[in-house]
Amino acid sequence: MSLPGGRRTARRAVHETLRQKVVTLELPPGSALSENELAASLGVSRTPVRESLLLLSEEGFVQVFPQVGSFVSRVDPQRVADAQFVREAVELASLAAVPDPPDADGVAALRENLEQQHRSGIDVEEFFRLDEEFHRGLLGLSGHARAWGTVASAKAHLDRARRLGLNETPPDAFVSQHQQILDALVAGDRTTAHDVLRSHLRAVFDDIEQVRARSPELFASDAGSVPVRRSVAVWT
């Protein structure tokens, strides 16, 4: 992979690339991170990689242990809950601003999005993309489409958990809820739209518990635990 030149540009590009790999689970929770290997794969020196790992550490995505190494942080349920709080507050509040009837073009775009969600064989990342577009479109109906940037920047920790959850819950359940929300808005039933959206957004917590029951090593538990650097990270 070739990244743009210039120290600041390279650091920003490396940071964005590594952050995306963490959020999409390409680098799973608990993974050991080698500066040399990352630098080689990205085609940069170790300096922007080291600086990017420090930035990711400040964001809570990487943990750096002296004399041990750097690791992708395990999913922190509290960070997920904080991100969910922000997202829910914005999205639920926006429903009150949706006009009756909603904008016809906006509704048509959401219906087209739903048709794509119903396609058979859709993979997790494609569904995730369509899901993001759907929720951004809901904000657009309220006239607050630009608020999606605030939501998106706040929910990266939540997105990691949601991707884990999509391996537990088939997308069909979420597509059905999307349909109910849109139908309720078109019918002018704000109460149903609000209740279904709230339930929809909170489903991630049930998914997290299912994943944690099966794979507790993916989740933060003891803040004092330190991994042992082996071919596979082991947390003690």
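Predicted model: local features only at pLDDT ≥ 70, side-chain atom pairs only at ≥ 80, totals over all residues.
Let's start with the strands. β3 spans residues 69-72. It pairs with β2, residues 62-65, in the antiparallel sense. Four bridges hold that pairing in the assignment. Look at Phe 65: its bridge partner in β3 is Gly 69. Three residues separate β2 and β3, and the two strands form a hairpin. In the turn, Gln 67 has a positive phi of about 65°.

Now β1, residues 32-33. β1 also runs antiparallel to β3, with two bridges joining them. Here Leu 33 stands opposite Ser 70 of β3.

So what about the faces of β3, buried or exposed? In a regular strand, side chains alternate between the two faces of the sheet. On one side of β3 we have Gly 69 and Phe 71. On the other sit Ser 70 and Val 72. All four are buried, so both faces are covered, with buried meaning under 20% relative accessible area.

Next, the cavity. How many cavities of 30 Å³ or more does the structure hold? One. The lining has 16 residues. Closest to the centre are Asp 131, Arg 162, Phe 174, His 200 and Val 204.

Which elements give two or more residues to that lining? Four helices: α4 (77-95), α6 (124-141), α8 (156-166) and α10 (190-214). α10 gives the most, with five residues.

Eight residues are nonpolar, four are polar and four are charged.

Conventions. Residues numbered from 1 in each chain as written. Heavy atoms only, no water. 1 Å grid on protein atoms, 1.4 Å probe; cavity = no way out; pocket = protein on both sides within 12 Å on 5 of 7 lines; lining within 4 Å. Points joined across faces, edges and corners; volume = space filled by probe spheres on them. Nonpolar A, V, L, I, M, F, W, Y, C, P; charged D, E, K, R; others polar. Buried < 20%, exposed > 50% of the residue type's maximum accessible area, 1.4 Å probe, protein only. Pairing = 2+ DSSP bridges.
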